[in-house]
Amino acid sequence: EHGITRPKGHKVSFHYNSRVEDMHFGKTHPMKPWRLTLTKHLVLGYGLQYTMDTYEAVAAGKDQVCVFHDPDYVDFLAEVSPQTFSALSAMDKYKAHIPDKTAYDTVELGPFNLSTSPGADCPVFDGMSTYLFLYTGATLAATNQLITGQSDVAINWSGGLHHAHKSEASGFCYINDIVLSILDMLRVYPRVLYIDIDVHHGDGVEEAFQRQPRVMTLSFHRYGPYDETGHRFFPGTGGLSSVGLEGTIGEHFSLNVPIPSGIDDRQYRLLFDSITGRTIEAFKPSAIVLQCGADSLGGDRLGQFNINIKAHGECIAFVKKTRLPLLLLGGGGYTARNVARAWCHETALATDNKLPDKIPLDIIPRPEAFSRKSHGNGLLFPPFPRTHPNDCKDADLEFMIKKLDG
Ligand code: V1P
Ligand code: CA
Ligand code: ZN
């Protein structure tokens, strides 16, 4: 007997379609579908599918995506492929969306910040449309489960693409499934709280709701000054004093927690629990959307934090304790084996299960991903080596907590 059980007193649904794994951003691109495949292997390997209602996602419709995005942009996303990109880009209605070149551009950009050059953040690749409309469909189905009261917690690890703008792709994100979900929720819930623990600033979601007092956005992220090469940690926004659009009723309904590199478990927990706790107390949300980007883990290929899976999971547990309708989404995460560990662990937390740390290597399809001695073969252990020196001073964190309490 494995001892994995359904949660008592609440229902969890899991939304996924394995066809999202067919996408391929490009050889050197950090966004890999493999992380979703490995997550699925662990979730199934531990038997968590028996603790939730699982739904195969269907593609979102163009009309559903147009609720937030520009119809021209949505048409382009639905039709584009590497083969049609240049012909489409030459059409008058799309030409106007080609951005001006800046001094730093090394890749050729087409309309909507899309590109077929290798090295682009938002490449156009085979099967892209299918992938985009599927992850969006999964988020919308998860949202519908919550709105109709059929689920208390709904999960889509393939969603959480927080950088996409109304008519522009950005930072590996094309369709902003989070904004679409929150817009749906606003038809039912008076107030929605959005929390973002991805190592990057949740700029697309913040921007979409900067005039909206019924949505509060709260992002924790790496933030810092320009480096020697003239770049900032992506996307470069989300400073402490960025609190919603000044002079509108949305002012004070976004919060940002800019964090230096190397933050550890204890410091992150201190920040997260005090700021999130205080925000929930003051804003009194009717539902919560939590973007669980796993690039905030130590050892991530792009991230610069040192937090462990246990501490990352404690954020999810902390939010779940409110017992409010909860949407759990994925996001970034670029060291696939750790992304899979974290999201499997967090699926277990959502269903009130404590998993044995020993990964069931004998029944998962690709055990070698988790059995390398150097990386450890447990679910949560060993803790990640400190790859980034800790630049966070307790006094600065305390200052931030006080400042944001205003
Ligand atoms: O730094 C940049 C841009 C490209 N320069 C003009 C500045 N882009 C970052 C984008 C990070 C996106 C994170 C997405 C998420 O928040 C949500 C899914 O996790 C970037 C980086 C980097 N190290 O920050 N792009 C790439 N690396 C990249 C590397 C190889 C190939 C293509 C893109
Ligand atoms: Ca964030
Ligand atoms: Zn990220």
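Is Arg323 buried or exposed? Arg323 is exposed, with a relative accessible area of 73%, where exposed stands for over 50% relative accessible area, buried for under 20% and partly exposed for what lies in between (1.4 Å probe, protein chains only). The model is a predicted one, in which local features need pLDDT of at least 70 and side-chain atom pairs count only at pLDDT 80 or more, while totals for chains, interfaces and linings use all residues. Residues are numbered from 1 along each chain as its sequence is written, chains are lettered from A and ligands numbered from 1 in the order in which they are written, and side-chain values use heavy atoms, with hydrogens and water left out.

**The chain as a whole**

The chain holds twelve helices and eight strands; helices (H or I, at least four residues) and strands (E, at least two) are DSSP runs, numbered from the N terminus. For 406 residues a compact globule would have a radius of gyration near 22 Å, and the 20 Å of the chain agrees with this; the radius is taken over C-alpha atoms, and the globule rule is 2.2 Å times the number of residues to the power 0.38. Along the principal axes, the C-alpha atoms fill a box of roughly 60 × 50 × 45 Å. Of the 406 residues, 57% count as buried. If contact means heavy atoms within 4.5 Å, then among contacts between residues at least 6 apart in sequence, 76% join residues at least 24 apart.

**The zinc site**

The zinc ion (ligand 3) is coordinated by Asp198 (OD), His200 (ND1) and Asp295 (OD), at 1.9 to 2.0 Å. Donors are N, O and S atoms within 2.8 Å of the metal (3.2 Å for Na, K and Ca), and because water is not among the atoms, sites may look incomplete. The spacing of the donor residues in sequence is D-x1-H-x94-D. His200 lies in the loop between strand E4 (192-196) and helix H8 (203-208), and Asp295 in the loop between strand E7 (287-291) and helix H10 (309-320), so the pair ties together parts that are 95 residues apart in sequence. Both His200 and Asp295 are buried.

**Helices H7 and H3**

Helix H7 (residues 177-185) is largely enclosed by the rest of the structure, because seven of its nine residues are buried. These buried residues are Asp177, Ile178, Val179, Leu180, Ser181, Ile182 and Met185. In helix H3 (residues 71-79) one finds Pro71, which is partly exposed, with a relative accessible area of 46%. Between Pro71 and Phe220 there are 149 residues in sequence and 31 Å in space, C-alpha to C-alpha.

**Backbone angles**

Most residues other than glycine have a negative phi, and most peptide bonds are trans.

| Item | Angle |
|---|---|
| Phe172 | phi about 70° |
| Arg323 | phi near 60° |
| Phe234 and Pro235, cis peptide bond | omega about -5° |

Phe172 sits in the loop between strand E3 (153-156) and H7, and at 9% relative accessibility Phe172 counts as buried. Arg323, which is exposed, lies in the loop between H10 and strand E8 (326-329).
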